[in-house]
Amino acid sequence: MEKKTKLTISGSAKKSIRNIEIAKTQGKNSRVIEKQGGKFTNRGGSFRPGVGKSKSTTSFNRGAPLKPFFAPKSPPITSDFERRKLAEQRATKRLKGDSEKDKKTLKAGTKKRELKLTVSRALSDEIEARERSLASVKRARQKEMKNTSKEEAQENSKSVKRDINIPEAITVRELANRMAEQSSNVIKYLFGMGVTVTINQSLAADTAEFLVKEFGHNPIREEKAEEIIQKIKATRVENLKNRPPIVTVMGHVDHGKTSVLDVLRSANVVSGEFGGITQHIGAYQIESQNNKLTFIDTPGHAAFTEMRARGSKLTDVVVLVVAADDGVKPQTVESIKHAKAANVPIVVAINKCDLPEADPQKIKNQLLEHELIAEDLSGDTLMVEVSTKTKQNLDKLVESIILQAEILDLKTDYESKATGIVLESKIDVGRGPVANIIVTTGTLKKGDFFVSGLKWGKVRAIINDKGQNISEAPPSTPVEVLGINGAAKAGDDFIVLDTEKEAKTLSENRAQESKDGKNLLTFATQDSAFSDKSSEELNLIIKSDVQGSSEAIKNAIAQIKHEEVKPKIILADIGMVTETDVTLAKASNAVLIAFNVKPSKEAKKLAENEKIKISSYNIIYEVLDYVKQKMSGLLSPDVQETITGTAQILEIFKVSGAGKVAGSKITEGEINSNSDVRIIRDGAIIYTGKVSTIFREKNQVKQVSDGQECGITVKDYMDFQKNDTIEAFSVTSTERSI
């Protein structure tokens, strides 16, 4: 209950009646206004809204001179209505400010003096507002600043939404840093999803994107290096000029591909190839009838599928060489498939037509099975019967190629930045890494910065197929480029960029993407967790002359599969065998193979000291045979067991000097004095050993046969019991091969 207050009025009667009327309008909360008779009260000062107690009987402002007790009287108010209105406003203003505090002070029973509003003061306008003290202003300002800082802190505590760039693969640490989150929070979140990760674990782009969304940020997929390169490679349609066709010569091994090329360019490449087998991709350019033709020579051996595929992807026209005396062979069929997959026209050269056993018509009929129909059989495939020895129809072959090229209408931009394909790469002694490339668009110039696969460099020198230094290479030209910072992989692209910085950055991005692409977060399955990993491994270190050969050997070795032993290539590189390779071979117990390269003097000496064999080969199938032989050596031999005889123990005798002797009867087969035996009791083998001696009627014998009785002693075993079975067996082991 609120305490009701009475309004007591003293003074003139007229004023009292008016004030009572005013008080009635105030409602329940009315103010006590006292006026003591006979005494003159000096209740000076002024009141402030919101302050319920007086400081002193006099009013003064801090730092101001003392004011008189009463303010100067305002001009008289004539109208009763105006007086009543003014008193009502003042009383209301006072009540609104102090009502709450008055209640508290009344409840607490405080007896402190208050500034009371008298009728005379209310009517005489003697109340004036005191100025706020400096301390009050200071407190108000501090309170305002405190509230402002709280609001700012709340705003700052709200999570900031960031744009997060997400590459193809990113580590947990890097992702947390980009989101400005703690790594532990990211790991904890993944743990909650049932995924166990470490701070250095790589996450796939999709996983990272999901995490970024979950943490309230905006994921942005980064543009891959490959996408940037595709934009650079985008075909230009301005300043297009005719370019020479790129012709790939394909076919089965020993059908005369390189011989055809040698005759066309008046060279002798075959004599430089081991066993007459091409094991590299060669690229040459010839000029015929004012037309330039670029030829790519591919190997025909089964192991070089990758090289043939690479040749067919780059080419405009495929020349399929088939021997007239041999017919269509497996690699011929494979070459046709590669050409069809690349969607390029095929010109068939039927070689060795000068031989007496040659049958070109048979070849044409065989090619019908593979949808290659000759023109004379109402088809659209050009077929030319040639001979490299007699140079028969070689000019006709060139004409057929030029005709196909004219139909294709090959054009490209000569002025733009060059792009190309790496055919082969090697590390040359004295020159360093060398890349064999064919320029596909634009003109390659000396001093250009380029990216090739994961490597980059600056063109230091350009050497054409004749070994001459040239300053620039137009489209369709096969050249050697010096200045790359490492051996590029065969089949890599070759892209010229504006600056060294661009080339370096793109190369680093590619390397990072390929590195992150490996070892991505994978979930263990029941099969992978409990699979038997006890198979033997043959460690291999392969050093070869060029990248293409290295790749072909790796792929061929990967095809050798066996349940118990598998090849593991721990290093496949190009260049000569060095001391590092020998040290690695010793540390990893690996087989060291040198293909078309020789070991350095230091490596040879170290290998002799460490007793490590360096196996050198020039032909690929010899390498494969050697690897198979080495893998066969790791196979456990085939063990076959044959039971030769069994005996039943009837009685046990103790013989001085010999110990316990088992008196036995041979029930099946025969037992020799040097047989391997098992002691079987109640169906369980309790001992396996060898026979020590066999006695028959107190005489030692070498052999006892079925139905005979004898005494048997077994080496290191005497715990015989009646009814035990002695089983003799022989073991034969045979070596296995892959």
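This is a predicted model: local features need pLDDT of at least 70, side-chain atom pairs count only at pLDDT 80 or more; totals for chains, interfaces and linings use all residues.
View 1. N589 lies in the loop between α17 (579-588) and β24 (591-595). Its phi is near 55°, a positive value in a residue other than glycine.

**View 2. A180 also has a positive phi.** Phi of A180 is near 60°. A180 is not a glycine. The loop that holds A180 runs between α5 (172-179) and α6 (183-192).

View 3. Helix α11 spans residues 330-341, 12 residues in total. From first C-alpha to last, α11 reaches 17 Å, close to the 16 Å expected at 1.5 Å a residue. Buried residues in α11 include Q331, E334, I336 and H338. V333 and A339 of α11 are buried too. Just after the helix, N343 takes a positive phi of about 60°.

**View 4. The largest nonpolar core.** This core has 22 residues. Those with the most contacts inside it are L264, L293, F295, V319, L397 and I401. Elements giving two or more residues include the strands β6 (246-251), β7 (282-288) and β8 (291-297), and the helices α9 (257-265) and α13 (394-408). The largest share, 5 residues, comes from α13. Leaving aside residues up to four places away in sequence, L264 touches I286, F295, L394 and V398.

**View 5. K426 and E480 form a salt bridge.** Their side chains meet at 3.9 Å, N to O. K426 lies in strand β13 (residues 419-428) and E480 in strand β20 (residues 478-484), so the pair ties together parts that are 54 residues apart in sequence. K426 is partly exposed, at 26% relative accessibility. E480 is buried, at 16%. Salt bridges with shared partners join K426, R431 and E480 into one network.

**View 6. K568 pairs with E537.** The closest N and O atoms of this salt bridge are 3.9 Å apart. Strand β23 (residues 565-574) holds K568, and strand β22 (residues 536-544) holds E537, so the pair ties together parts 31 residues apart in sequence. K568 is partly exposed at 39% relative accessibility. E537 is partly exposed at 36%.

**View 7. R678 and E727 make a buried pair.** In this salt bridge the closest N and O atoms are 2.8 Å apart. R678 belongs to strand β28 (residues 676-681) and E727 to strand β33 (residues 725-734), distant parts of the chain, 49 residues apart. R678 has a relative accessible area of 10%. E727 has 14% relative accessibility. The whole structure holds 17 salt bridges.

Conventions
Residues are numbered from 1 along each chain as its sequence is written. Side-chain values use heavy atoms; hydrogens and water are left out. Helices (H or I, at least four residues) and strands (E, at least two) are DSSP runs, numbered from the N terminus. The expected span of a helix is 1.5 Å times one less than its number of residues. Buried means under 20% relative accessible area, exposed over 50%, partly exposed in between (1.4 Å probe, protein chains only). A nonpolar core is a set of buried Ala, Val, Leu, Ile, Met, Phe, Trp, Tyr and Cys residues joined through side-chain atoms within 4.5 Å. Contact means heavy atoms within 4.5 Å. A salt bridge is a side-chain nitrogen of Lys or Arg within 4 Å of a carboxyl oxygen of Asp or Glu.
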